[in-house]
Amino acid sequence: MQIDIIFKIAAIGILITVITQVLKKSDRDDIATLVSLAGFIIVLTFVIDMISDLFENIKNIFYLY
């Protein structure tokens with residue numbers, strides 16, 4: 001597993017948390033929800049790509065077609 005992906009996910013999580021907290025303190029809860037949803041979707045695309053690579057490797061290991 002590549003360690004840089006974990007660092008990217010952690011950095012996105014920290015950044016989204018800070019932005020969300022700032023928006024909540026300024027009474028912009030609706031935008032804070034959208035920002036956290038956008039962060040979730042970004043991280044989800046990373047994870048889906050990693051899962052796709054995992055299944056591709058399993059398919060190659062066991063010669064599945």
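Guide: Relative accessible area sorts the residues here: buried means under 20%, exposed over 50%, and partly exposed in between, with a 1.4 Å probe and protein chains only. This is a predicted model, in which local features need pLDDT of at least 70 and side-chain atom pairs count only at pLDDT 80 or more, while totals for chains, interfaces and linings use all residues. Residues are numbered from 1 along each chain as its sequence is written, and side-chain values use heavy atoms, leaving out hydrogens and water.

Visitor: What does the secondary structure of the chain come to?
Guide: Helices (H or I, at least four residues) and strands (E, at least two) are DSSP runs, numbered from the N terminus. Helix 1 covers residues 3–25, and helix 2 covers 29–61. The total is two helices and zero strands.

Visitor: What radius of gyration does the chain have?
Guide: The globule rule is 2.2 Å times the number of residues to the power 0.38, and the radius is taken over C-alpha atoms. A compact globule of 65 residues would come near 11 Å. Along the principal axes, the C-alpha atoms fill a box of roughly 55 × 20 × 10 Å. The chain's own radius of gyration is 17 Å.

Visitor: G39 and V43: buried or exposed?
Guide: Both sit in helix 2. G39 has a relative accessible area of 5%. V43 has 19%, so under the 20% cut-off both residues are buried.

Visitor: How many Å apart in space are V43 and A11?
Guide: V43 is in helix 2. In sequence, V43 and A11 are 32 residues apart. C-alpha to C-alpha, the separation is 10 Å.

Visitor: Which residue forms a salt bridge with E56?
Guide: A salt bridge is a side-chain nitrogen of Lys or Arg within 4 Å of a carboxyl oxygen of Asp or Glu. By this rule the count is one. The closest N and O atoms are 3.8 Å apart, and the two residues lie three apart in helix 2, about one turn. E56, partly exposed at 36%, pairs with K59.

Visitor: What area does the nonpolar surface patch have?
Guide: Patch residues have over 30% relative accessible area and no salt bridge; like charges are joined within 9 Å, and nonpolar side chains (Val, Leu, Ile, Met, Phe, Trp, Tyr) within 5 Å. The members are V47, I51, L54, F55, I58, I61, F62 and L64. F62 lies in the segment after helix 2 and is exposed at 57%. The patch area is about 770 Å².

Visitor: Which residue has a positive phi although it is not a glycine?
Guide: Most residues other than glycine have a negative phi. Here, one in the loop between helix 1 and helix 2 has a phi of about 60 degrees.

Visitor: How far apart are the mean positions of the positive and negative charges?
Guide: Lys and Arg count as positive, Asp and Glu as negative; His and the chain ends are not counted. Each charge is placed at NZ of Lys, CZ of Arg, CG of Asp or CD of Glu. With 5 positive and 7 negative charges, the mean positions lie apart by 5 Å.

Key:
Accessible areas come from the Shrake-Rupley method with a 1.4 Å probe; for residues, only the protein chains shown count as cover.
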